Every structure is written in structure tokens, then in C-alpha cells.
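Hi there,

Here is the structure I promised to pass on. Please open it beside this email, and my notes follow just below.

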Amino acid sequence: MSGLRADPIFFRSLTRGKGVRRTAFSIENPDDAPFQAAFVALRRCPDWLHLERVLPSGEAQPVVFDPGAGHVPEGERRRHPAWLVVPARRRVQLVASVNTDHRYFPRAPGELPRGARALHNESAALELELSGGARLEVPIALAEVVLERDEFDGEFSIDFGTTNSCFAYKRRRGGPEGLERPPVCSAEVPSVVYFKDLRLREHPKVLVGHKARLAILANPSRVYSAVEGVKRLLGGDRVLTVLDARGRSATYRPEEVAAFILRAILDQAEQEHLDGRRVRRVIATYPTLFSPRHRRALQDALLHALRLGDPNLVPDECLEPGERDPDVQARCDELVTLRLDEANAATFRHVTGPLLEACLRFSREQVADVVTFDFGGGTIDISYLRVDVRRELAERRTLLEARLLGVSGEGAFGGDNVSLELVRLLRAKLAVEAARALTAQAQAQASSSKAAEGLDIFDRILQSGALPGQPVALEAGERAGDDALDDEEFAAPPLDRRLAAARVIAQHADVILRAAAEGHLEHPLVAEGKDAFVEHVRDLLRAQAHELGRPFVAQDAERIDEALERLMPTRFARYADQDPVMERRAKVLFMDLWREANDRLKPLLVARTGGDTGPEAAEAASATVQEPLLRLARWVGVDPKLWNDRVSVTLAELEHMVEPRVRRAVEKARDLYLSAVDADGRPPEGEDEDDGGAPLISTGARRRQPAPRRARPRLTVLLTGNASILPLARRALAEAFQGVDHDLVWDERTRKTSVAQGAVEESLLRAEFGGEGGGIHYTSVDFLERLPFSIGLYSRFVGFRPLFGRGAREGDAVLVDSRENELVKRDLDELSLYADYHDGAAVRYLGSFDFRRGGRPALDEDLEALPAPEADARGRAVFQALFRLRRDWEVELVNPETGMLHRLIVDPVQVDPREDPFSGEV
């Protein structure tokens, strides 16, 4: 009998008729000698279960049972499918595959209703016969087997956030009370995933949300097992490599990592809220500035998540890269619906609540302009929506009409960036206090009678007073000490190195604190790729040298930045592929500061304002460092109580650092409102039609007559999003809309839930009341069918030349010739398109046409419909180009001379690492 031990083959829940499901289990060799044997036979194994083994490459292949496998040479046994090789005190991986479609798979009694539990604790065992007479029994445990699960009958939405996510749902059938109530919304789930076991790449064992946060706190040194902020990476070309507790690695695309988070959210919803019913269709929202490429990536992530729960639900062609066939895209849209951006979804929560209620109660028309400012964790999303709700008493119905007038936002700034500025400020203050303490103690020791030995004695004193480590909970099978505070890794560097950095920091403490407190998000050299902090320090040093009349040394700014990083390393990207130990150390220290700033200090500062949004309350709201920051104190070589007693921050300091970016976003919301023209081309009250916003006059085009002016409805400014708790946001919006008749609406209870709830409400209105008939007539054709911004050509010499104005529809076409627009001409290699959001900001690059790739032949009807070009003064035909607006804001260009059609290559818009809190660049 061998000394091997086998884990049980365990499935928590299996649904009959759902194809093949897999789980991993291990065989352990507890002996001090390696074990080798061939698989001879498999006994007592159910017909619906099969065994596979995992090769070193990570691929799985069926286990082969071969009584004559003894002739295999010893050096080839590890890879042979009939041989089991287990090193001493190690484990090997096997995979159990269960075919739930098999005719002998456990069945439920006929009297049980559909969806009821069939078998409880269904247990069995299989026996492995090995060469040499050894036998190994492997338990099989099926905790639950169910029949086909019922589908959830209602609308289900997910607000997948950069920092936190939530879901909302509402059943279509129910009593009057249930229908009148708003959709049920879940508690927030942190958008964090922690990889525990990567033995099966497609089905790893992961922790999501609060469980992932706890795992990170318990295992702080496993910084490459966790992924946060993956939403920022959707649609990009970056891949993520993660490691589990045993050092196994796997590489995923951001959409796949996001799918693990979304699948966990779906599982929680089905098990805890929907009575086990399966969600087979999801409504999702997206940031206003998401391009078609980003929305496709978000849809792919949700399709992957649905497939993880039910492999048969999502067809293979829905997950293939590249352009989708229209029928395939229709199936994808049926499974994952993307109609509303996050700001408009929050608007609908307000529309179907107070606005609709007022109309029904008073039988009076409610017309409102709603500007929504959604201040989320990763983005700021802005939308301008006009809503008309009125009762028609004669026909006993309510008409609800919504028109999208524009969108804007900040695609790379949100609440996480506010926390990042707090990390920068906190790091500067911690470094200055530590530098002052180190230099003061060194000077005191050097002035003693043993000055010659002072530095060595001080170094020994610091090292002998090493901080105690904290016990960390270990997972089963892990080596002790993997995640304890590693004395060797976080022990303080030699004292002379620390003192050299400390002296530089102490000498320039005022400059460092001022540069950190003033913030540097708006430094003019940021656009040139410069380090904003270094440039800000250089500006302060230049002014200081001028004031004191001494020479200015430009390199001092880099010396200060290098000293900060040497004393308090947090920019882990600097050490990538050069010093992996230092890279991990810097990431651990950064995450310690991040938790302190994001999870403790920021909410504490806001809470201490007592709800007062004034600057005086922000100045009075102060907090000292809450946690001891043991690892950082050990590395720097100071007593952590020094920071807890002396380092404090105020809310006013934090708001001052981020105020330029917040006010810039608020100004976009104001300018969007003031410049918006609705879908019918009617200008706002008191404004003339903007000639610059009209489409180009092209062949066969006719200028539209100005529509009569009408009064603009009363404005509602709706503030939502988790980061809206920052008093600065409310203060800035109130100041920006002074002089405009408006109401500022902010509800702390629904600041996060409003997006998911609004998406559910809009989908219900569309499904139940869209079109004619019924008690409520709901119409909205603007969210994806009409362009919420203008698309055109741009050059800094001639400005923006629009092709498709705001409000353009799918299928609209514009013919442009080279006489009307000097940016369109013959023999171009490429042509770029830009978007004007009418929010006062510069135009944004959308993508380009690459004529060198050749394109594809245009349809005959496209070419036949084009008029013959006129001749120029030289007798040559004037060059023409036909631009057509397609689905999802895509643009095509037809070149009549070559007969080729070219599609716009959309810019992937990679996130600037300096604006990504987890990039390791800041």
C-alpha cells in the first residue's frame, strides 16, 4: 500500500444538462522519498467522470491506464500519460471532468419540481490501481445536484466600477408594491480579484471583493496575486501576469481578469438575491468617453463572465476577436446590452423617481434639463438630457420622452486619483519627518564623547530596535513565513545611505512640502512627458535661488526626487526587469500608503466636515496617520509612533491638490449645458445658431432653416458617484452654475446605486412601454442612434471642420470635395478624425483612415449614387470623399476614384501611466 494521499473530488453544485464541468484535486506524497508508479487500472469510477493530468506546460490530457507501461525510461516518466511521479513531500495536480449530460449522471426524483434540489451529499469513490500492487482511493463528493435552473424573469444590471461595483434588479412580475418600488440594489463590491490557485488557467481559484481585500491584508507581500483597477485597462493592448501562492503564473487579457470579478458578482446575485435563478442577460453601463473599442472590451468581459457560469450560453463566435458578423453582434447585444452610459443611467434613476412621481401626482407636465455629473472612482462622466413627462388625460396615458443633448467627462480622473494625490502628500510628509528625526539623532550621537564611533553605534541602535513583526494567517499547505514581515527584505539599508538621503530631504523640507501640498496635476510640462513633481520642485528651487541671490542648480530637483525614492521607495515600475526584490518591496510599501490614504484618511477627513461643504469646514477637518505603517518604519529605521504623533493632513490640503482637475470637469458640465443644441437643431434661449457647428455644405446639401427659439426648461444638476462625497465637487458645481436657474441634487444614499438602478428602470420602460399603446408611452432614440458630439477634421492651422454634427444619425452621409475642405485631398497616406464634445475642451483624437492598407471594394450602389466630380481650373476632376456614419459611431470613407472603402481605425487610447494609481510610475 502506497503512502499517497488524495484530496476529494468535490463539486459544490452541479446542474444537470450543462455540459462538462472540471475541478482540480491533488495527490500528495508525505514521505521523504519520491514515488513513481504507472496507472494500471481505474476501478469503481462512475461513467460520467473522467480523469486528466496537468502537464508542466499547463495543458491537460487524459490519464492513460496501461498495465504494460513499465518499459518507459525513467527520464520520460514525468511526461508520460500513464505514469505518476510525485517528488518527496510534494503534490501533483490532476483534473476531474464531469459530464452532466451523461445518461447515468445522478437524476432527481420525478416528484421534485423544476429547479428543486435533487441530491444532497451524493458521495462515491474511485480507486486507482498502480503498478507494484499499490491502490489509491479518491473520494467523490457532489454537495448538490440540481435540475435545469429557472431563468430570472426581470431586468438585471451591473455597474462595473473602477474601484467598486454593484448590481440592481427588478422582476417584471410582482405585486403593485414591488412594481412601484425602485430596483433592488446590492451593497458595493470592491473591484478587486486575488488569485489563490492557478493550476487551471481557465478556471482558477480566485477571491473577489471584500474577501480579496482580506487576502491582500493577510498576505501583503503577494502583490502580484491581486489586480485592482482593471477597468482602466479594458480595450488596451496590455496583458497581465499574475502569480498564486505557490509561484505558478498565468497571463490574462484585462477582459478575462474583469470576467472573474463579474462572474463572482453574478454568482452572488443568483445565490443570495435571485433564489438560485440564472441570469442570462445583463444590462451594463459604460463611461461617457468610452470609445467603441472600449465598449466592445466591456461587452467581451461580460460575455466571458456569462460563459464561466454556463458554457452553453455564449456561442464561441461571440468571443472571437476581430469584426463580428451582424447576426453574431445581435446575439451579443441580446446577452449583454450596452445602451446607457453611466451618467445617463443615473439620470434615469432621477427621471423615474421624483420627476415621474410629480407628473402623476399633479397631472402636470414636467419638462426638465438634467445635467448629471457622475464622479466615480476612475472617471468623471457628464451627460445632458432633456426629459418631457406629461399626462394625456383624454387618452389616459403618460408620455415620457428623453433626448440626449450631449456628453462629456474626464476619462482618466476620478476618486482613485484623489486618493493618489493624498498618497503623494502623505509620502512627502512622512519622508520629511523621518529625515528630520534621522539627522537629528545622528547629530546628537556625533556630538557625544564617542563621536568617532557615533555613526556605527547609532546604526547598531537602530538595527537592534527592529520593529516586531505581525502574525499572518497562512493557507493550508503554504510554507510558514511566506507572508510574515520579512526582517531581511524590509530591514533598514546601511545608515550612511539613509543619512545621505535624509540630509537632502531635511535640507529641502520646505520645498518638498510646498511642492506636494500645492499639487502638480496642472503643471504645463506634464503634456511633454515630464515628471510634474520634479518640474514643480525645480520651479520652487529657481524662485528660491532668485530670492536669495544664489546660483540655481537645475539638477537639485532630480537629487531631491532620488533622495525621496531612496528613503521611501514606492515607484516600483522603476525597478522592473532590473531588481525584482526592490520592485516587490516598493510595491508593498506603496500599497501600505494606498490603504492608509484611500481606506482610512480620505473617508475620515470627509466625515469630520459634518456635512458642511464650505472651505472653513475643510480647513478644520484634520486627521493624523491612523496605522503604524510597520514595514515602512522598519525600512526607514524610525519609530512609527513618530508619524502617528506628528504627521497629519487636512481636507483643505487634499482639495487644494485636486481642485484644478475637479473645476475643469465642472466647467465642462457648465459649457456643455450652455452650448448644447437639441436634436431638432433648436438653439438655447438667447443664442443664435452656431455656424461653426453646422455640417459642411457639400454637393447636394441644403442648409437647414433656423428653428424658432423656445425657453429652456429649468435645470437639474444631478451629482452622483462615490467620489461625490468630496465637498469640493458640490461647492464647485454650485459656483459654476451661479446665474442659472437650477437645483443641485445629491443623495448620499444613492450616489453609487443610482447608475445600476437607472439602467434597470430604463430597460423596463423600453421593454414594457416602448412604442405606441399602454398606460405609459416611452420614447428615446438618442442614446446610441444619435451622435452626442460632433465628428470632423482638425488642424491647428485651420481649426475644427465638422463632418457630422451633434445629433447625426446612423446612415447619414456627407460628400466633401477638396475645394470645400483643404484637409481632404488626393494622394493622402492617412486622414485623422476628431471629436468635439462642445464642452469647452480641446477636440479629442478618434482615429484615422490608413489608405496604405487598401481597404475593401465599395458597393456598386455607393459609387453609382455619387455625382460626377466637377473640373477645377486646370481641367482635372476635383477630388471627392464620401463619409458615412455607421453603427456605434463608426465612420466609413469611400474614395470614388479608387472605388475602395476604408474604415476608421479607432485609437485604443491607452491610459497614461502617470494617471493610473497602480502603474508604479507615481
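A6 has I27 in β4 as its bridge partner. Strand β4 (residues 20-29) and β1 pair in the antiparallel sense over 2 bridges; two strands pair if DSSP finds at least two bridges between them. Both belong to an open sheet of 5 strands with antiparallel pairing, in the order β1-β4-β9-β6-β7. Its edge strands, β1 (5-6) and β7 (60-62), each pair on one side only.

Before you read on, please note that this is a predicted model, where local features need pLDDT of at least 70, side-chain atom pairs count only at pLDDT 80 or more, and totals for chains, interfaces and linings use all residues. Residues are numbered from 1 along each chain as its sequence is written, and side-chain values use heavy atoms, with hydrogens and water left out.

The chain holds 21 helices and 40 strands. These are DSSP runs numbered from the N terminus (helices: H or I, at least four residues; strands: E, at least two). Of its 922 residues, 54% count as buried, where buried means under 20% relative accessible area, exposed over 50% and partly exposed in between (1.4 Å probe, protein chains only).

Next, a helix pair. Helix α12 (residues 532-548) packs against helix α13 (residues 556-567) at an angle of about 130 degrees, and their axes are 8 Å apart. The axes are lines fitted to C-alpha atoms, for helices over the stretch in contact, and angles run from 0 to 180 degrees between N-to-C directions. α12 and α13 are therefore oblique to each other: under 35 degrees counts as roughly parallel, over 145 as roughly antiparallel, 65 to 115 as roughly perpendicular and the rest as oblique. From α12, F533, V534, V537, R538 and L541 meet D556, A557, E558, I560, D561 and L564 of α13, contact meaning heavy atoms within 4.5 Å.

Most residues other than glycine have a negative phi. D275, although not a glycine, has a positive phi of about 55 degrees; D275 sits in the loop between α3 (254-272) and β21 (282-286) and counts as exposed, at 62% relative accessibility. L629 also has a positive phi, near 50 degrees. L629 lies in the loop between β26 (622-624) and α16 (630-636), and at 7% relative accessibility L629 counts as buried.

Finally, what does T753 touch, not counting residues up to four places away in sequence? The contacts are C166, C185 and S186. T753 is in helix α20 (residues 753-769) and counts as buried at 15% relative accessibility.

Best wishes
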